[in-house]
Amino acid sequence: MKEIKIGLATCGIAAGGEAVFNEIKKEINENKIDVVLKETGCMGMCYQEVLVEVSGSEIPGSFMYSRVTPDKVKRIIREHIMENKPVQDWLIKGNGEFHGFSDNFFEKQKRIVLRNCGVIDPDSIDEYIANDGYKAIQKCLNEYTPEQVIEIISKSGLRGRGGGGFSTGLKWKLARQAAGTKKYIICNADEGDPGAFMDRSTLEGDPHSVLEGMMVAAYAIGADEAYVYARAEYPLAVRRLKESIEKLEKRGFLGQNIFGSRMNFLVHIKEGAGAFVCGEETALIGSIEGKRGVPRVRPPFPAQKGLWGKPTNINNVETFANVPWIILNGADAFNSMGTEKSKGTKVFALAGKIMRSGLAEVPMGITINEIVYDVGGGIKNNKAFKAVQMGGPSGGCIPKEMGNLKIDYDEITRTGAIMGSGGLIVLDETTCMVDLAKFFLNFTQNESCGKCTFCRIGTKRMLEILERITIGEGKDGDIELLEDLALKIKASSLCGLGQTAPNPVLTTAKYFRSEYESHIRDKKCPAHHCPALLTYSIDAEKCTGCTLCARKCPVNAITGAKKEVHAIDTAKCIKCGLCFDACRFGAVVKD
Amino acid sequence: MKQITITINGKEITAAEGKTILEVVHENKLDKIPTLCYDGRIEPYGSCFLCVVEIQGMNRLVASCCTPIAQGMVIFTDNEKIRNSRKTALELLLSNHYADCIGPCINNCPANVDAQGYIALISMGKYDEALQLIKKQNPLPLSIGRVCVRDCEVACRRQIIDESVAINHLKRYVADIDAGHHWTPELKKPTGKKIAVVGGGPSGLTCAYYSTLEGHKVTIFEKLPRLGGMLMYGIPEYRLPKAVLDDEINWITGLGVDVKTNAAVGKDFDIQSLFKDGFDAVYLAVGAHKASTMRIEHEEDTVGVMGGIDFLRQLPEKHPKLEGTVIVVGGGNTAIDAARTALRCGADKVRIVYRRSINEMPAHPEEVHAAQAENIEILFLTNPKGIVRDENKKLKGIVCLKMELVAAGPGERPKPVPKEGSDFELPCDFLIGAIGQQVDTDFNKVISASTSVDLEKWGTVKINNDTMETSIQGVFAGGDAVTGPDTAINSIGQGKRAARAIDFYLKYGKVEKSLKPFYSFKHKFSEVTQVELSHFPKTERNRLKELPVAQRVSTFDEVEFGYSGEQAQAEPKRCLECGCSEYYDCDLRRHADDFNIDISTYMGETRKYKVDTRHPFIVMDPNKCINCGRCVRTCSEILKVSALGFVYRGFKSVVKPAMEKPLLETNCIACGNCVDNCPTGALTEKFPFKVLGTLPKQNIETVCNFCSIGCKVNFKVIDDNIFFVSNSTEELKNSLNRGYLCVKGRFGHRYLMDSPRLKQPLMKDSTGGFKEVGWDKAIDHTAERVKSIIAKYGPQSVAVFGSPRMSNEELYLLQKFTRAGLKTNNTGSFYNVLYGKQQDSLDSFIGYTASTVSMDSLRTADVVVVVNGNLSEENLVMELNIKEAQKKNGTKLILLNSSEIILTKTADLWIDSRKGSNTVLLNSIIRHVIEKGLFDKDQASTPGFEELKQMAAEYTPEEAIEAADISTEKYNRMLEWIENPDRKIVFIYNIDSVRDKSPNDLKAIGNFLQLTGRLGKNDSGSGIIILSEYANSAGLMDMGVTPRYLPGYVKEFEKDEIKRIGNAWGVDLTPIFQPADLADRLLKGEIKALLIFGEDPLNVTEHVRYFKGIEFLMVQDLVQTDTAAEADVVFPAASFIEQAGTYTACDGRIQETERIVSLKVDRENWKLIAGLAAKFGLPMDYASIEQVNQEIRNVNRSWNGSAAGKNLNETGKPQFSVYSTDMSVYQPEMPVIHYPDSYFKLLQEDLKYRSAGSE
């Protein structure tokens, strides 16, 4: 039986996947072909969406079409499905081999968390079960005591993938040891970092692995109730979770005496209202309890006093998704990957000025250069690599000079950045590092809950200083003022948001100090990015007098007759850059 | 609790695990860690980060308020890093604190006169107080009120709306009122130190005044014949009449200042000679009296040319005669003064020549306008170039040049430059050069071999600006001599500063720089715009009446008249009250001072909000909010009301009610506990006054006069008639009510300020109208009427009533007067007449019907049972204490109440019994306890036990459940919680509440407690707290203001006690003390003369039935009540804050109160009773209320044991307690108070169970 799979995660939908899906359905109906059409999740190659995979035809193996649009559907159906002739022009993979397209995107990847993403239909429990689904929990229930489960997880070396990097085994152990009969599991699916979408893809592509991970954790600590705190901005993920939970309840996988054991387990979904700080565990708990999402003092830690005052274990989506694999494959299979203190794999969301943006799961210990060049295919538009920004708004920038750094929790922390949840933004020579720091600080400043003085007002003041620097009003001493305030904010804030918010500023000021100095002293932006610091002029040698720039200029600041060298009146120029973009001869100079 | 050891600042400390660092540091008094968000009564929060400390081995600083100690922790609470972080935290907070600490008016005044403060006082009609406030900074308000340049008005924000507040006119208004008597503060004891003030101008006079107040002996040396300096010799009479100035000068010198006029320093003596003459310090304030030259040729030697200041200097002695045309050169106030004076001296035409334009003119615009109104012509952009004179050197005119203005540097006035060839001639007869003055440095001449003070190169005296010291030790200088010609108010400011510096110097031998306090100002953030002030309507400034122009140009009469009374009341309403009412209580400002804050580093965007004044009692100014959340947390954690919360996130987040609704539309109960918890001025009480200044307040603690809980309240007193309740002091947090109050306690006491009080006794005349009479006459008349009624109907026809809000002393005297004076037992209160039914319910068990345990028993109780009443409305603080017990100790709260009230939300078990069925429920519990044998076995042999058993047997659980209409489950749970004889159970019962009562509830509770051995046992921790509506309901009974008992609950059968008390009073009480039903006597019309103290029964019309037989009615009250309106004689009463006394709270705590404000009536309340008693042959010659208190200690047996001495409560106030049988638990160090043994014996004989069935 032929099978057509179409990636309908958010990335696929955003690329027009639904229209392609409808078109295929229409074609199948019109041509009355006997073929199974399936949805699947994201396989990580977001840069190639819409992806359509055809398999089970007379030709062995599967064939992957990339960047499929509705108008390509007719030909694929007719030639590939009906005539068994794959459309060579659009294929990126055929017969299990990469074909005609030198994409080694998957070469250095190792897929554990994403093992089912893009492979199975996330709406089908059966497909999950067919891929060893719910075997891990049954194995735990039948073969291991909770303590043994904790031992396996501890031994695997799994650390919290939400960014904290705390030992998952130890966290479970503390929750197990906490006094009390009522305990909770919380899955933190409040993925809020700009540019990060690991958890979304996992929930969209393989919700059951997360739910199964939660079951194992619940068994291990002795919880009988769980919450998934998911962003309301992830409607597809929330829908899939809800439907999956309903199906599990129907099958008796959730509820009383699951899998015939003595264990009871219920899972609820709580949709977050969009506050970034609710990703912080104590704020998240407050939010589930119906309170304002504001971090509270620790200790007591959630493991002692969490949701409704009961011992609570919180892990992130990716952490839970690792768990069933570890149980089934053993701790050693997991801890054989990675570095001394960071084991297993990590999913990164590649974004920015990189050729292949998307999701990549790589073993710990891979270098930054390998990710950027080998997995990500290098920098777009032949620009020079400048730095990577890791760890979202709480993270920092690592310059290209440190490209051989092995990715590992502790190595990255040493640079001033953090592993974070896995956002990895690649920056090229056109990125202004001051502006970048301003961007991230603006984010955290807006997302501060407003409780702590330093975070609430301090980040605002830092942002104001950055703003004045980028418009050429920076003063001598501003860098020192920024650094002083940054350290105080880090030292005197209650939660991770405040404690890390200054990181983008601190790392850029550390590795790219001269860029700050140029803005302040020379009133120049070396990356030619900050509009207020730019001057546009015309290179007389290159100008052909085509008048295009003058016609584009919205304020008539460019003068010059046809076929004569043009000139820009800098007094009139509003630095919009339209002329620079318009010139086909590189005659407009930005400085 | 496990003890652990930590090290703080190098010192090893042992403390209980679970405590926070801040608690340990403060408990051990190791350091004062600053904090804004911490309040020990609510959960630690950790938001302000002012309390950060360093823990060894930790990179971050931690908030000490929410970090628990851990074994071996090494903590530092003060070092460079910590101070730095705290300072930054404050700077950040203040960079987003769009608010004014003080009014810009005050800040801009060189003498820092509290303009907003005196405007506020004037608005309240407190003219004396306003003047007293002014005189704290400025001793010359009469003169300055006329001539000040008004820097205050220049800064006044009102200008943004229309015109500045006429601050100076208001000052003149109160100064004019004061002119007759010249209020003077008390002078300090003479110090024996002598100060020489050289120069008798405003600066010298000011220094002399404040130095004299400090007890120093001052001598003023003045070169000219009269004191006053430029006020005398520079300001013309039509602006400042010499008589007014002299009056003010004479007042100052009259305080004991020696004056030597015509004594010129540098000529008659020198500085050093003063020290030889025995002066300890010198203040040099010689002024700047030398006219600057115009620098034109022949200026010096032409007849008709003179200096402006020289011209004006003649005025005090004579009015020079001028004629023809006078030209005055200059643009300052002296030029205007010279010009207007020239006109009054007979000049035909006066012109002013000024080289710049009107915009640059330094003279006060009002003066310029006045001159123009008087037809004085001003030639702008004109400058004299030369003099035209005849051969006799007599002036004929001047040659002038036209000028042009060219822009100068930033902040500078434009520069005038001559226009080439614009010369023109102006004929004139006199030329007055008023372009400025200089210091005449002749003063510095040295007569004998001694040194002179250092001068600046331009001739002024050089001083250290921080200390006012010159180059010679002990010599200080100020005024124009230091600043060059400046304003009078500036000289006054310097004089005051110099006086302070000299005082310091004389006391300590040196002067220290005083730190400038931190002030936040809105205009430092951004320009204050009209939009922000748009809610203020425009109102025109009240103008002074002036002498008509025609009249004034020919005389030197004062041109401006002062304000009328109406104007003085209208003008203060224009004040925008910029300065913060919490100025003196703001923690944020206090810390800012401590850390020497500079907010300029972090200036940026600020939040701006409209002030919300919609709530009747609470003003919210979110601009001042620092997000500490203390209000939010108090409202949710303590009150469980949650009317306030945070809105928005991040920088924009701020405390407001949800959805930004007005507070009034939330479920706010107006308890105001948020206001007390606000460390800044973001939440303040809405004052009933017109304007509130930044006035200092005094904290005085007393006891609330509303309900019977006896909460500590703190009065913040600004003035005898301006005060409010604010429980924000630290001490109160340790009181029984932990500082918390209900709406009545906090805002209710306002009636003491607002109400129109009775001031004089009133007597009804023949027409039925009232007329004011003297006290003696009213007392005589009352005594006569009562005597004639006794003569006619006998002593039983008189009754004396007192209020349960009166003090124990008043009540004691009241019943003593009745029994020993009037010889009748008719003493009581409408409180017992109306509520009396249950008031003996527990007598048969314990001898009285009052609480058997203290409020503290809540702290140990396992179960609290609230039977009837609505605590939230009636006794809120009791509710808060129960919530605290639930939270801290897991105490279970059972609520027996038919209706849903606020407490049902937090009750652990709400028995929603049908109204009136509680007795049935309780009786069925008694049956259960007897059946299961869960009672005190000793009780089985007590008389009445069998009857009780029989009675209770009728109340089966099924019947009880049906009667109460509750679920079996609830019933069973209630049984389960209270059946265990080992549990500490406290019942709470409001005897005055009208809700849900069934008549025998109290007896049933008594039965249950007695049966289970929970009554009368010292350590049981179980019992009942009986609440009531009035502050001294318990004292009323204890003092014997009831026909039922003599003081100390002495009953009819206690013959020995009756005899003992009678002996103490000198009467035989046996025939007098005959208990009777007062209500019955009133209703039957047997009472003919009724004396009512502090009660208003006729405010309920139907109570008129009690007044049937009344032929004579006397009432004493604060205000003209409904009852007083019917009286024959009305006496004014003093309020409880005007006199000392003791009050007995619901649980027997006796708390002393002191006088808080001065007496508003002629005598304290007890003196009326004493006055009446004297007429009936009962002398009450107590020297004070304290003596009455002593007598109570001797007479009232329940006060025995307290006679030995006073005991102190948690906040250090005298307190002791009656009733409680469990004193050792309550206050271990206090002696346990028992009734005398004989009393217990009698009780036991009388003890029997009362059959308590459902009636």
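User: Where is A:Phe166 found in chain A?
Analyst: A:Phe166 is found in the loop between helix 6 (146-156) and helix 7 (168-177) of chain A. Helices here (H or I, at least four residues) and strands (E, at least two) are DSSP runs, numbered from the N terminus. Before we go on: this is a predicted model, where local features need pLDDT of at least 70, side-chain atom pairs count only at pLDDT 80 or more, and totals for chains, interfaces and linings use all residues. Residues are numbered from 1 along each chain as its sequence is written, chains are lettered from A and ligands numbered from 1 in the order in which they are written, and side-chain values use heavy atoms, with hydrogens and water left out.

User: Thanks. Is A:Phe166 buried or partly exposed?
Analyst: A:Phe166 counts as partly exposed because its relative accessibility is 42%. The cut-offs are under 20% relative accessible area for buried, over 50% for exposed, and partly exposed in between (1.4 Å probe, protein chains only).

User: New topic: how do strand 11 and strand 12 of chain A pair?
Analyst: Strand 11 (residues 345-352) and strand 12 of chain A pair in the antiparallel sense over 6 bridges; two strands pair if DSSP finds at least two bridges between them. The two form a hairpin with 5 residues between them, and A:Thr345 stands opposite A:Pro363 in strand 12. Strand 12 (residues 358-363) is mostly covered, with 5 of its 6 residues buried.

User: What about helix 21 of chain A, which residues are buried there?
Analyst: In helix 21 (residues 513-522) of chain A, the buried residues are A:Glu515, A:Tyr516, A:Ser518, A:His519 and A:Ile520. Their cover includes strand 13 (385-390), helix 16 (433-447), helix 17 (453-470), helix 18 (478-491) and helix 20 (503-511) of chain A. After helix 21 comes A:Lys523, with a positive phi near 55 degrees.

User: OK, interface time. How many residues are in contact between chain B and chain A?
Analyst: Chain B puts 32 residues in contact with 32 residues of chain A, contact meaning heavy atoms within 4.5 Å. About 2,600 Å² is buried between the two chains, 55% of it on carbon and sulfur atoms. B:Leu92, B:Arg649 and B:Phe651 supply 25% of the area that chain B buries against chain A, more than any other three residues. Buried area is the accessible area (1.4 Å probe) that two parts lose on being put together, summed over both.

User: How many salt bridges does the rule find across that interface?
Analyst: The rule finds 1 salt bridge between chain B and chain A. B:Glu605 forms a salt bridge with A:Lys460, with the closest N and O atoms 2.6 Å apart. The rule asks for a side-chain nitrogen of Lys or Arg within 4 Å of a carboxyl oxygen of Asp or Glu.

User: And over all chains, how many does the structure hold?
Analyst: There are 114 salt bridges over all chains. One of them joins A:Lys38 and A:Glu127, with 2.6 Å between the closest N and O atoms. That pair links distant parts of the chain, 89 residues apart: A:Lys38 is in strand 2 (residues 35-40) and A:Glu127 in helix 4 (residues 125-130) of chain A.

User: Are those two buried or exposed?
Analyst: A:Lys38 is buried, with a relative accessible area of 17%, and A:Glu127 counts as buried at 16%.

User: Last one: what's the overall picture for chain B?
Analyst: Chain B has 45 helices and 43 strands. Its C-alpha atoms fill a box of roughly 135 × 85 × 60 Å, taken along the principal axes. Of its 1255 residues, 61% count as buried.
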